[in-house]
Amino acid sequence: MSAKNIRLEVMKFIEKDVDSLIEKYLIPVEKIWQPSDFLPNSEGEHFFDELKEIRELSKELPYDFWVVLVGDMITEEALPTYESWLMDVEGVDQVDGENAWAKWVRHWTGEENRHGDVLNKYLYLSGRVNMREIEKTTQHLIADGFDIGTDRDPYKNFVYTSFQELATYVSHNRVAKLAKDKSNKQLAKMCKIISGDEMRHHHAYSEFVERIFKVDPSQMMMAFHYMMKQKITMPAHFLRESGNQIGTAFEEFSNTAQRIGVYTSRDYVEILQKLINRWEIDKITNLTDEAEKARDYLMKLPSRMLRLADRIKIPENSFQFKWVEPAVVR
């Protein structure tokens, strides 16, 4: 049987448990938080007082903070790209109404959609950013699409989502801490609860991989090896500002996130190590010779990458993005 057909069989095998995994890791719409829970009530009599408070507190947050918050929001707002990509993964069939994998993707998308909504509205109300430039960047990012190197392979895609959900947890959680340090409790609470969603989703995708390791260990190991050897591509790697070429804003956005400690090259290595530990790849048995070599590579990779991460120099000066007005620079 071909590798592709084996993957389809494995996806079919796990699919019978997806409904219970939805109950385990996702929260019903009627119970989960919504963006309006963290924003001024436009129907309430205190709306303008609450709005004024947001705008006053926003003045205390530095330029680099706003760049990172905008970049995180744009990444979340590119959700249509991620949903369409996952719907095209082998074993996910949105035409088949009974396909549990398609149901997972839709429900996961519904939860993720709230993140961009709440951050977008907050940025708009803050008065500290150029919303039109942000909107252009968001439209560009969706229109440009992305290529995360997974093809339609479910094994590679689940490695990617396991990693990326943990990376977004780190980013939102650090932004929450920075906001809290500036006494912006509402923004801190908002980013903290988003990070909580990301952690739940990380655990879900990690369990998908755990289940695959139990039934197809060698090919799952090869997929993990492939993704880490080529490096995990961030979902916003095609980020650009208006009038610029595809991908030209991503490096400066990444530099900003590293400069203020929101997401660093060391975080990348630590996430890799956490996945290695979570999946206990050192204990997996019945591997082919090729998969054993892949495992050896993965076990040594974090220490190698850590040495490289420590050599990276981040520019001290902030890049001037069109998203954030110069007046915000502090």
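## The fold at a glance

From the N terminus on, the chain's elements run α-α-α-α-α-α-α-α-α-α-α-α-α. That comes to 13 helices and zero strands (both are DSSP runs numbered from the N terminus: helices are H or I with at least four residues, strands are E with at least two).

What you're looking at is a predicted model, where local features need pLDDT of at least 70, side-chain atom pairs count only at pLDDT 80 or more, and totals for chains, interfaces and linings use all residues. Residues are numbered from 1 along each chain as its sequence is written, and side-chain values use heavy atoms, with hydrogens and water left out.

## Size and packing

The C-alpha trace spans about 65 × 50 × 35 Å along its principal axes.

Buried residues (under 20% relative accessible area, with a 1.4 Å probe and protein chains only) make up 53% of the chain's 330 residues. Take the contacts (heavy atoms within 4.5 Å) with a separation of 6 or more: 83% of them come from residues 24 or more positions apart.

## A look at helix 5

Helix 5 covers residues 79–87, and its buried residues are Leu-79, Thr-81, Tyr-82, Leu-86 and Met-87. What covers them includes helix 4 (63–77), helix 6 (100–126), helix 7 (131–144), helix 8 (154–181) and helix 9 (185–215).

## Charges

The chain carries 45 positive and 54 negative side chains (Lys and Arg count as positive, Asp and Glu as negative; His and the chain ends are not counted). The centres of the two sets lie 5 Å apart, with each charge placed at NZ of Lys, CZ of Arg, CG of Asp or CD of Glu.

Definitions and conventions: Buried means under 20% relative accessible area, exposed over 50%, partly exposed in between (1.4 Å probe, protein chains only).
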